[in-house]
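Please read the following with the sequence and the model open side by side. The paragraphs go from single residues to strands and then to the ligand.

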Amino acid sequence: MKFATRAIHVGQDPDPATGATVPPIHVTSTYTQAAPGDHKGFEYSRTQNPTRFGLQDCLAALEGGAGACSFASGLAATNTVLSSLLRPGDSLVAYGDMYGGTYRLFERIFREWGLELRYSEETDPAAIAGLVDKTTRMVWLETPTNPMLRLLDLRAVSAAVQQAAADAGIPAMPGGDRPTANRLLVAVDNTFATPALQRPLELGADLVVHSTTKYLGGHSDVIGGAVIARDEDVLETLRFAQNAAGGVSGPFDCYLTHRGIKTLAIRMRVHCENAQRVAAWCEQQSQFEQVIYPGLASHPQHALAGRQMDGPGGMVSVVLSGGFEAASRFMSRTRLFACAESLGGVESLVNHPAIMTHASIPRETRERLGVVDGLVRLSVGIEDVEDLIADLSQALG
Ligand SMILES: *Cc1c(COP(=O)(O)O)cnc(C)c1O
């Protein structure tokens with residue numbers, strides 16, 4: 001089946017009891033057994049839940065992995081990835097321009113836990129690979145990045161870091177039964193692109209992490225996360241941790257997320273079309289010092305976007321001349337673009353990264369990455385694009 005068909009049909013078999021075309025939401029915490037241990041494969045909903053299983057199967061089919069684990073939030077997914085696959089003393093290499101909450105989790109929870117963190121400030125595969133040594137068990141990549149919309153060449157970076165790991169001769173660790181004992185895993189946060197536009201597992205990644213809160217859910221009405229593993233051994237470790245640590249997503253949340261995914265292919269098409277139109281319009285307005293969108297020829301990685309992605313996505317970042325004052329004035333005047341955190345819903349949102357989503361990154365680091373006070377991030381929704389442009393225009397005026 002092709003992508004759009006998988007999004008609609010995988011994990012959505014009709015209910016065997018009634019024939020209901022849309023399977024019911026299984027809101028049970030437990031399952032009645034005929035005799036102790038005599039059950040239908042379902043014992044307790046933290047461990048097994050049909051609504052969650054349906055969502056996980058669909059996510060795995062969309063990313064092309066061995067399987068998926070869904071969680072109560074994107075950060076819960078990331079937390080489980082790090083805590084189950086890494087050990088104190090390991091190092092993690094990351095490209096430094098990432099979601100602020102991920103950075104906070106790395107720095108405030110995992111550094112204290114004993115993880116060594118190394119950040120590259122360059123997208124160059126050799127620069128990222130240069131940070132890999134024999135302690136490195138994971139490379140964390142986000143592309144396009146939030147909010148600067150920089151791209152990493154996933155195929156080139158994966159190859160370079162795996163070569164660096166081989167050169168470092170990553171030794172088997174004590175208790176070498178874990179999947180990262182003698183290899184390095186490449187994890188990609190694919191929240192901004194979604195599998196509709198980019199499939200990292202096909203490009204050399206081992207893991208894909210999502211905040212399903214964003215485009216996958218797509219309607220700004222549910223928080224969730226997921227991890228999809230390419231290989232069975234990694235998946236088994238994650239599944240164990242999902243049950244053992246218990247950060248699972250509940251059945252209602254799984255239902256909403258899965259319902260959203262059914263329209264992912266068509267939504268992403270319109271997000272891309274609208275964002276392209278909005279970005280092109282913004283480029284013509286003198287109030288913007290800079291317009292960042294991978295679909296614009298002015299984007300330094302425009303060619304890579306064309307190669308790696310099936311569309312440039314729905315996020316556009318702009319820098320207003322006039323700094324924070326101008327950004328704040330602009331953002332309080334938009335009507336259709338709601339001033340709010342988050343992204344990826346059908347409705348357009350406008351965000352001020354320095355104050356709203358990236359406040360946990362120290363100012364100096366933030367500004368070096370380009371997150372200046374005049375930077376405004378647009379999540380371009382799927383409303384009529386003429387209305388969106390008119391809204392931006394009146395807010396500028
Ligand atoms: C929102 C977001 C997250 C965190 O997900 P939550 O569902 O909010 O926990 C991680 N990565 C990216 C790129 C995000 O946009």
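Is Ser 342 buried, partly exposed or exposed? Ser 342 is partly exposed, because its relative accessible area is 26%; buried means under 20%, exposed over 50%, and partly exposed in between, with a 1.4 Å probe and protein chains only. The model is a predicted one, in which local features need pLDDT of at least 70 and side-chain atom pairs count only at pLDDT 80 or more, while totals for chains, interfaces and linings use all residues. Residues are numbered from 1 along each chain as its sequence is written, and side-chain values use heavy atoms, with hydrogens and water left out.

Ser 342 lies in the loop between β10 and β11; helices (H or I, at least four residues) and strands (E, at least two) are DSSP runs, numbered from the N terminus. The phi angle of Ser 342 is positive, near 80 degrees, in a residue other than glycine. Ser 220 also has a positive phi, about 55 degrees, and is not a glycine. Ser 220 sits in the loop between β6 and β7 and is partly exposed, with a relative accessible area of 43%.

Within it, Ala 338 has Leu 349 of β11 as its bridge partner.

5 of its 5 residues are buried, so β2 is largely enclosed by the rest of the structure. In a regular strand, side chains alternate between the two faces of the sheet. In β2 both faces are covered: Ser 91, Val 93 and Tyr 95 are buried on one side, and Leu 92 and Ala 94 are buried on the other.

β2 pairs with β3 (residues 116–120) in the parallel sense through 5 bridges, and Leu 92 stands opposite Leu 117 of β3. β2 also runs parallel to β4 (residues 136–142), joined to it by 4 bridges, with Ser 91 opposite Thr 136 of β4.

The loop between β4 and α6 contains Pro 144 and Pro 147. The peptide bond joining Thr 143 and Pro 144 is cis, with omega about -10 degrees. The bond from Asn 146 to Pro 147 is also cis, with omega near 5 degrees. Helix α6 (residues 154–168) holds Ala 166, which is exposed at a relative accessible area of 54%.

Thr 51, in helix α2 (residues 50–63), is buried at 10% relative accessible area. A polar atom of the Thr 51 side chain lies 2.8 Å from the backbone nitrogen of His 26. Ser 249, in the loop between α8 (232–245) and α9 (251–261), is buried at 7%. Its side chain makes a polar contact of 2.5 Å with the side chain of Ser 70.

Which residues come nearest to the ligand? Of the 13 residues around it, these are Gly 74, Asp 189, Ser 211, Thr 213 and Lys 214; near means that a heavy atom lies within 4 Å. Lys 214 is in the loop between β6 (207–211) and β7 (225–229) and counts as buried at 10% relative accessibility. An N or O atom in the Lys 214 side chain is 2.7 Å from an oxygen atom of the ligand. A backbone N or O atom of Gly 74 lies 2.9 Å from a ligand oxygen, and a polar backbone atom of Leu 75 is 2.9 Å from an oxygen atom of the ligand. Taken alone, the ligand exposes 380 Å², of which the protein buries 93%; accessible areas come from the Shrake-Rupley method with a 1.4 Å probe, and for residues only the protein chains shown count as cover.

Notes: Two strands pair if DSSP finds at least two bridges between them. A polar contact is a pair of N or O atoms within 3.5 Å; within protein, one must be able to donate a hydrogen and the other to accept it, and residues adjacent in sequence count only if both atoms are side-chain atoms.
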